Amino acid sequence: MNRDARVLRELVSGYGRTFAEEAGIPLKDTPQSLYRLLVLSLLLSARIRTSVAVAAACALHDEGLDSPRRMADAGRRRRVDALGRAGYRRYDERTAAQLGDGAELIEERWGGDLRRLHREAEGDVGALRELLQEEPGIGPAGAGIFLREAQRVWPDVAPYLDGKALSGAGRLGLPEDPERLTALAGDTQPAVLAAALVRAALDRQVAEECLRRAG
């Protein structure tokens, strides 16, 4: 096994956990699951610690705000309070407004079902990115997070390794090329590979540990 393959094996073994899994989202191609992933993607895309964003996603779910209709009907104050309990305070007012506006858009345009957004893109990943960014609070970073995770249930998106994932590969001294990385990863699911690479991009210690273990 060559050096790159060893490094990638250590990375996936230690850090191959998707962010949906971390947030307790059983990812399926269903309206509720995909909506929870979109909410998580919005929260993660802000300049805030990953652990706080994940906790905020869990708090919103615990509050029962796990569908566009429930999110829209909850009211801004209820959304703010749920975010605040998770420590998501720096952006709570703005994020609460974005969640409400975004939920209403999903209801009006796609009937509360993001699978319709997927079908509208007709297999074009670029079109998917553009459609996702129509959501308030979802920019290029949020769209990238969503697609990295959604490729697990939307196979036509895979393999999806965006700039953040490729920057993790660069930190590890791995090729910054999606095709080469996918080949090196063998039968590792692309969503798992992407999440592991992003964790290396976000935390230098992750990269250093994997490099040390790979020898």
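## Helices and the basis of the model

Helices (H or I, at least four residues) and strands (E, at least two) are DSSP runs, numbered from the N terminus. Helix H6 is followed by Gly87, whose phi is positive, near 85°.

The model is predicted, so local features need pLDDT of at least 70 and side-chain atom pairs count only at pLDDT 80 or more, while totals for chains, interfaces and linings use all residues. Residues are numbered from 1 along each chain as its sequence is written, and side-chain values use heavy atoms, with hydrogens and water left out.

## Helix H6 and its cover

Helix H6 comprises residues 76-85, and within this helix Arg79, Val80, Ala82, Leu83 and Gly84 are buried. In this report, buried means under 20% relative accessible area, exposed means over 50%, and partly exposed lies in between (1.4 Å probe, protein chains only).

The cover of these buried residues includes helix H3 (31-44), helix H4 (50-62), helix H5 (68-74) and helix H7 (92-110). Contact, here and below, means heavy atoms within 4.5 Å.

Glu10 belongs to helix H1, which spans residues 3-15. Glu10 has a relative accessible area of 16% and is therefore buried. Not counting residues up to four places away in sequence, Glu10 touches Cys210, Arg213 and Ala214.

Leu181 is part of helix H12, and Ala169 is part of helix H11. Leu181 counts as buried because its relative accessibility is 0%; Ala169 counts as buried because its relative accessibility is 0%. When residues up to four places away in sequence are not counted, Leu181 touches Leu8, Leu161, Leu166, Ala169, Leu174, Pro175, Leu193 and Leu197. Leaving aside neighbours within four places in sequence, Ala169 is in contact with Leu174, Pro175, Glu176, Leu181 and Leu197. Two C-alpha separations place these residues in the fold: Leu181 and Ser51, 130 residues apart along the chain, are separated by 27 Å, whereas Ala169 and Ala207, 38 residues apart in sequence, are 9.1 Å apart in space.

## Residues in the loops

Is Thr18 buried or exposed? Thr18 is found in the loop between H1 and helix H2 (19-22), and it counts as buried because its relative accessibility is 3%. The contacts of Thr18, not counting residues up to four places away in sequence, are Glu149, Arg152, Ala191, Val192, Ala195 and Arg199. From C-alpha to C-alpha, Thr18 and Ser167 are 17 Å apart in space and 149 residues apart in sequence.

Glu122 occupies the loop between helix H8 (114-121) and helix H9 (125-132). The phi of Glu122 is near 55°, a positive value in a residue other than glycine. With 73% relative accessibility, Glu122 counts as exposed. Pro159 is found in the loop between H10 and helix H11 (163-171), and the peptide bond from Ala158 to Pro159 is cis, with omega near -5°. Gln189 lies in the loop between helix H12 (178-185) and H13 and is partly exposed, with a relative accessible area of 38%. Gln189 and Ala158 are 31 residues apart in sequence, and their C-alpha atoms are 9.1 Å apart in space.

## Aromatic rings

How many aromatic pairs does a search of the whole structure find? The search finds 1 aromatic pair. Rings of Phe, Tyr and Trp (its six-membered ring) pair if their centres lie within 6.5 Å; planes under 30 degrees apart count as stacked, over 60 as edge-to-face and the rest as tilted.

The charged end of Arg199 sits over the ring of Phe19, 4.1 Å from its centre. A charge sits over a ring if NZ of Lys or CZ of Arg is within 6 Å of the ring centre and within 35 degrees of the ring normal.

## The largest pocket

The largest pocket has a volume of about 330 Å³. Of the 14 residues that line this pocket, the closest to its centre are Leu44, Ser45, Ile145, Lys164 and Leu202. On a 1 Å grid over the protein atoms alone, a pocket is an open set of points where a 1.4 Å probe fits, with protein on both sides within 12 Å along at least five of seven lines; lining residues have an atom within 4 Å of a point. Grid points are joined across faces, edges and corners, and a volume is the space filled by probe spheres set on the points.

Helix H10 (140-150) and helix H13 (190-202) each supply at least two residues of the lining. The largest share, 3 residues, comes from H10. The lining divides into 8 nonpolar, 2 polar and 4 charged residues. Ala, Val, Leu, Ile, Met, Phe, Trp, Tyr, Cys and Pro count as nonpolar, Asp, Glu, Lys and Arg as charged, and the others, Gly among them, as polar.
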